[in-house]
Amino acid sequence: MSYPVIMVNVSRESNQIQFPIGLSVVANALMKHNLGVRVLDMVPYAAEEREQIFKSSISSERSIYGFGVMIGNDHLQEVEKYVALIREKSPSSIIVYGGHFPSSMPELMLQHCSCDYVVHGEGERTFPALIQAVRDGNTSPENITGVFFRRDGKVIGARNQRIGKLNELSNPDFSLFNMEYYLNYLRETGQSWELMASRGCYGKCTFCYKFMGSGISLRQVSYVLDEIEYIIKHFDLRRFYFVDENFLQIKKYFREFIKEKNERGLEFTFIAQSRLDAIDEETCEIGSRNGLTCISSGIESVSQKTLDHINKKLTIKQAEDKIQLMRTYDIRPMVNFIIGFPWDTEDDYVELYDFITRNRLQKQVRLSYLTPLPSTQLFQGLVDQGVIKDVFGYAIKLDNLYWQRHINLTDMPDELLDHHFERITELSRRDLFDVKSAKYLRQIRSERFI
């Protein structure tokens, strides 16, 4: 049976509005396989209108609905509400969950939630294969790696391996989205178009959320620049933000990117996320001449003891040297710190305050509470120690992941930890984006930390 495929992007209360990159990639893969797909992106609609609009979009015809589920901000609970609406009107429809949250605990997701299948990891190969199998009448596709499902009360499935080389299936498709909604938001707030050139990072930090394990996958440079050129041509936006975990990690790739950018005669600026140990003078020199204006990096702590515990492979001196190197080439450093590690002391937070001041990082810091996430070494250690007893219960209660305290692993009272968070935040917090339009303001949580 040729069941229709509908992918749904459910809004969640967040700090800003972001284009759903992952969903656009999976939609593109379905189109490339000639499987057909319709996207219901609920984000552009007013909150009070979404439920009625979604209800009117549901057919009684058996269909396959795909949802990307993020951890935090009550996203799973919101997705489950939409699934209930589908079950009410079309009980025989098939529900598939994918994304970070289901991938981190596929077995528990199937045990506790309303989905029929979970796609683990990168979905651009697995989800089309699942669609084809279901249409062919195979509702127990054990042969498709990365698909989890229930059979006779048991969860069946095997975790995906990382896609080694990203091809045309891993490109986004913008044709099914209200692009003006997202682009106008970026214009209004002065932000940049987010895109990914790579997935993964060679680092093995114990707190880092890696549901696909270590390793790096790259898109072809030509595909990345095609996307940039499309945004410039159709929307006249020339600011880009590479949200890769570590965009600068492969020097050959970065040089090829700059070379082809210049060969195409493209003029744009860009921000990159990168580990500090991937930043060197050559990268800064080439980047600064070719549009690189800012590098966002995680230092995490100014305690060498903590850095060693979390396997950061960084020293405080190296961090300060890299900050100075970026400034030498007029590249703005944006840095991330975390408080709440088990080894943290009050002296560490006093030193963090001094570090920010000494390195002139006021308004250039994102400070977060430590939030252990599933699929991290830190999280698994807390489960093994019995600190986190109800894994699924803990995960669904996570709200604003990094700017709200969910757990305190230090020896300090909660009030003292919160005091230091507020004190350092007051010194270092980045300016909030100036959102003016009501259609965007109503989508964003009232208390924001950028």
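Trainee: Which element gives the largest share of the lining of the second largest pocket?

Mentor: In this predicted model, the elements that give two or more residues to the lining of the second largest pocket are α2 (47-57) and α3 (75-89). Of the lining, four residues come from one of these helices, and this largest share belongs to α3.

Trainee: How many residues line the second largest pocket, and how many of them are charged?

Mentor: The space in the second largest pocket comes to about 260 Å³, and Ser11, Ala47, Arg50, Glu78 and Tyr82 are the lining residues that lie nearest its centre.

Trainee: Which elements do the buried residues of α3 pack against?

Mentor: Helix α3 has 15 residues and reaches 22 Å from its first C-alpha to its last, which is close to the expected 21 Å. Its buried residues are His75, Leu76, Val79, Glu80, Tyr82, Val83, Leu85 and Ile86. The elements against which these buried residues pack are α2, β3 (64-68), β4 (94-98), α4 (100-104), α5 (106-112) and α15 (391-396).

Trainee: How far apart are the closest N and O atoms in the salt bridge of Glu124 with Arg199?

Mentor: Side chains of opposite charge can pair when their charged atoms come close. Glu124 lies in helix α6 (residues 123-135) and Arg199 in strand β9 (residues 198-201), so that the pair links distant parts of the chain, 75 residues apart. Because buried means under 20% relative accessible area, Glu124 at 2% is buried, and Arg199 at 17% also counts as buried. Between the closest N and O atoms of this salt bridge, the distance is 2.9 Å.

Trainee: How many salt bridges does the structure hold?

Mentor: One of the salt bridges joins the side chains of Glu180 and Arg187 at 3.4 Å, N to O, and a network of salt bridges links Asp226, Glu229, Glu260 and Arg264. For the structure, the number of salt bridges is 23.

Terms used: Residues are numbered from 1 along each chain as its sequence is written. This is a predicted model: local features need pLDDT of at least 70, side-chain atom pairs count only at pLDDT 80 or more; totals for chains, interfaces and linings use all residues. Side-chain values use heavy atoms; hydrogens and water are left out. On a 1 Å grid over the protein atoms alone, a cavity is a set of points where a 1.4 Å probe fits but cannot get out, and a pocket is an open set with protein on both sides within 12 Å along at least five of seven lines; lining residues have an atom within 4 Å of a point. Grid points are joined across faces, edges and corners, and a volume is the space filled by probe spheres set on the points. The expected span of a helix is 1.5 Å times one less than its number of residues. Buried means under 20% relative accessible area, exposed over 50%, partly exposed in between (1.4 Å probe, protein chains only). Contact means heavy atoms within 4.5 Å. A salt bridge is a side-chain nitrogen of Lys or Arg within 4 Å of a carboxyl oxygen of Asp or Glu.
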